[in-house]
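Q: Here is a model to look at. Let us ask what stands behind each label.

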Amino acid sequence: MSCWYRSPVNIALSHLSALKRLHRALLALAAMTAAPAFGAEVYYQPVAVLTAENDSNLDLDPNGARTVQGYLASVGTLVGIATPNADATIRPRLEYRDYPKDSANNRLEEDLDLRADYRWIRSSASLAGIIDHRDDFNAEFANAAFDQINPVKPTAPETGKAVIGQTRTSVLLLPQYNYKFTPTVAAGFSGVYQSLIYAPSDTFGHVDFKYFVGRAFVDYAVSQKTDIAVGGFGSKYDATHLVSRATGSGATL
């Protein structure tokens, strides 16, 4: 008799490898978009941060735990691409946490922020995105720093639970398009795509899922101070490892 088993370590490595491939694809896409543009300007702003910390109970153990010291190194680059009709900002970042007396909590985390805006004579399009691979405990808490690239996030899933040693890979993409038929009449659509993957899998405490929502609208400018918009939306939620699905739709005014 033979059996096949895929360890949590292999699962985590495969998720990390997929995330790295997605990072490279997005960076290559941005480079190809900017390359043929006339008058494109590209700038880089590297950032490095070193931090030392002292934790009295790093694992939040109710029975108490020993005090440990930790060190955090963060490196990243802010990449800006500007043309007469388009702007793009990409910020990849790597962060490593090292605890010499508690190596089980050592973590390598990755995240990528991106935003691209393009303008035509009558229309405009944008794409915002946040991709990260983080420790579950750190992912549960929103960063207190203001995000200048994507300041408003439409969803912020928090479970209220944290599993020691678990990681969370999150993908959030926000496309949008607007078109002006006349100076007073416009139409457009926007969407949200979100995916969460936990490793190792924890079906009862954390649910892997994919979420989609699409919105379309028509806008009429009654005056310089007043406009009326009508539209509709549709959404879908699909749990990856459970039979749990939900759909929604509606109209807006």
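A: First, the terms: buried means under 20% relative accessible area, exposed over 50%, and partly exposed in between, with a 1.4 Å probe and protein chains only. The model is predicted: local features need pLDDT of at least 70, side-chain atom pairs count only at pLDDT 80 or more, and totals for chains, interfaces and linings use all residues. Residues are numbered from 1 along each chain as its sequence is written, and side-chain values use heavy atoms, leaving out hydrogens and water.

Q: Why is Lys101 called exposed?
A: Its relative accessible area is 54%. The cut-off is over 50%, so Lys101 counts as exposed.

Q: Why does Asp111 count as buried?
A: Asp111 has 14% relative accessibility. The limit is under 20%, so Asp111 is buried.

Q: What makes the link between the side chains of Asp111 and Arg93 a polar contact?
A: The distance is 2.4 Å. A polar contact is a pair of N or O atoms within 3.5 Å; within protein, one must be able to donate a hydrogen and the other to accept it, and residues adjacent in sequence count only if both atoms are side-chain atoms. The pair Asp111 and Arg93 therefore qualifies.

Q: What makes strand 1 and strand 2 a pair?
A: Strands are DSSP runs of E, at least two residues, numbered from the N terminus. Two strands pair if DSSP finds at least two bridges between them. Strand 1 (residues 41-55) and strand 2 (residues 68-82) have 15, in the antiparallel sense. So they pair.

Terms used:
Helices (H or I, at least four residues) and strands (E, at least two) are DSSP runs, numbered from the N terminus.
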